[in-house]
Amino acid sequence: MRKFFQEIKADLKFRSAGPGQKLSEPARVPKEKPKAEAAPKPRQGPTDEAQMAAAAALARMELKPKAKPPSSQGAIKNQVRKELMAEAAASEKGVFADQEDPAFSDKEGAAEPSVSGVYFICPLTSAVVRKDEKEKHIREAIQSYFSVDPVAASIMEIHTFNKDREKVRVGVETMAKYLDNIYLHPEEEKYRKIKLQNKVFQERINCLEGIHRFFQSVGFETKTLPVPGQGKIFKYTTEEYYVLKEEMLAKLEDLKDYKEQLLSCEPLRLQLDRQLCVFKPSPEAARFELPNDFYNLTAEEIKREQRLRTEAVEKASMLRTRAMREKEEQREMRKYNYTLLRVRFPDGYLLQGTFYAREPVSVLYNFVREALRDNWLPFELLGPGGLKLTDENLAFNECGLVPSALLTLSWDAAVMSDIEAAGQEQPASPLKPELLSHVQTLS
């Protein structure tokens, strides 16, 4: 950029030079000057105001510590590419290159995290597992469940490990049809055999993980059977089939049950552990030190963030309205998967929990209500700045409550006045005694 303005300055000197002055560059003249042609008029130099404006612009550029960012589309894209590559490299270590949040600092003496990480509860084993151990634990839990209920375990495999929900729906409905045909027509032998090389079976069912264990667990076995061949030489060939065992004909109601389970099952999902904590009143209530689990994004999420950042840079030169800016701010908030929330009670005690960033505010109201000694008491929650959270359908990231926030609980004034007028004695804290027995000090 400095070179660009130096060229402008040189050009100004060239243009302002008079007829008798020495030019900074050799004047270009024709090889042969016709005698009859009149002498060309000298160029008019720029006005004093133009020269002063150019000089001021050059002076400003000299004072700036950094060059002006490139404005061409090609230069912008190159800059974006460099930034995204740096971010992708940093994200592999669990840190974004441009993140300046204290939670990302590895400086000595850094404050201890407010929570040690994000944890989940397995509905099968009741075990609490870390975020990065979720997938491994789900597989191990389902595998262990085969010893308890092999049919249910195989159905969970089908619904949990096949990510394409449309393929799962089509495959499950086809398998249910097989079982339904047997239940409705037990005397028909053709319905008790499923050819594995059948086109429908191959396209809709064989592509799903867990289906073979399902067929085996509901009473099918693999058999190689002869089928009529084509041509004069080979009158018969063989094909592999799933064939229902004879003893299953006496358990047709079980087959009907398996079909219902197959159609109604949902993927096995670990539940987010709220990590409920109660803290004594503390001046550090609004200070949060979050672990990397709150910021780390999956490969899919990183790609989405890179795409959004690319779009943002390419649109940087556009005139944005307030609505457009707010929309971009909302989009920025969506990159957080979790949020750590604290609710401060009138007595100063703090209730803390971990939530998904996209959960509705109503979840927080229920979380607080379940912690109260008298859960019928009406209250409202105030966000940062005293904003009332009246729309309980809004998600936390839509309210600006990510990746952490301190909220304040306010009792219904009319109800509290009635309680005082009735002379009812109020407990020292509205929280349940079992929670207060494990109260902690906020560090």
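Predicted model: local features only at pLDDT ≥ 70, side-chain atom pairs only at ≥ 80, totals over all residues.

**Strands, partners and loops**

Me: Which strands stand at the edges of the five-stranded sheet?

Reply: Start with the order of this open, mixed sheet, which is β7-β9-β8-β11-β10. Each edge strand has a single partner, so one side of it is left without a neighbour in the sheet. The strands at the edges are β7 (277-279) and β10 (379-382).

Me: And what is the average twist from one strand to the next in that sheet?

Reply: Picture stepping across the order β7-β9-β8-β11-β10. From each strand to the next, the twist averages 30°.

Me: In which sense do β8 and β11 pair?

Reply: Look at residues 338-344 for β8 and 404-411 for β11, which are linked by five bridges. V343 stands opposite L407 in β11, and R344 stands opposite T408 in β11. The sense of this pairing is parallel.

Me: Which helix packs on this sheet?

Reply: Look for a helix that touches β8, β9 (350-356), β10 and β11. Its direction makes about 140° with that of β9. The helix, at residues 361-371, is α12.

Me: Is S126 buried or exposed?

Reply: S126 lies in the loop between β1 and β2, and its phi is near 65°, a positive value in a residue other than glycine. Residues over 50% relative accessibility count as exposed. S126 has 56%, so S126 is exposed.

Me: Then what about Q275: is it buried or exposed?

Reply: Q275 lies in the loop between β6 and β7, and it has a positive phi too, near 50°. The cut-off for buried is under 20% relative accessible area. Q275 has 17%, so Q275 is buried.

Me: One last thing: which residues does the cis peptide bond join?

Reply: Go to the loop between β10 and β11, where P403 is found. Omega of the cis bond is about 0°. The residues joined are V402 and P403.

How values were computed:
Residues numbered from 1 in each chain as written. Heavy atoms only, no water. Pairing = 2+ DSSP bridges. Helix = DSSP H or I, 4+ residues; strand = E, 2+ residues; numbered from the N terminus. Axes fitted to C-alpha atoms, helices over the stretch in contact; angles between N-to-C directions. Contact = heavy atoms within 4.5 Å. Buried < 20%, exposed > 50% of the residue type's maximum accessible area, 1.4 Å probe, protein only.
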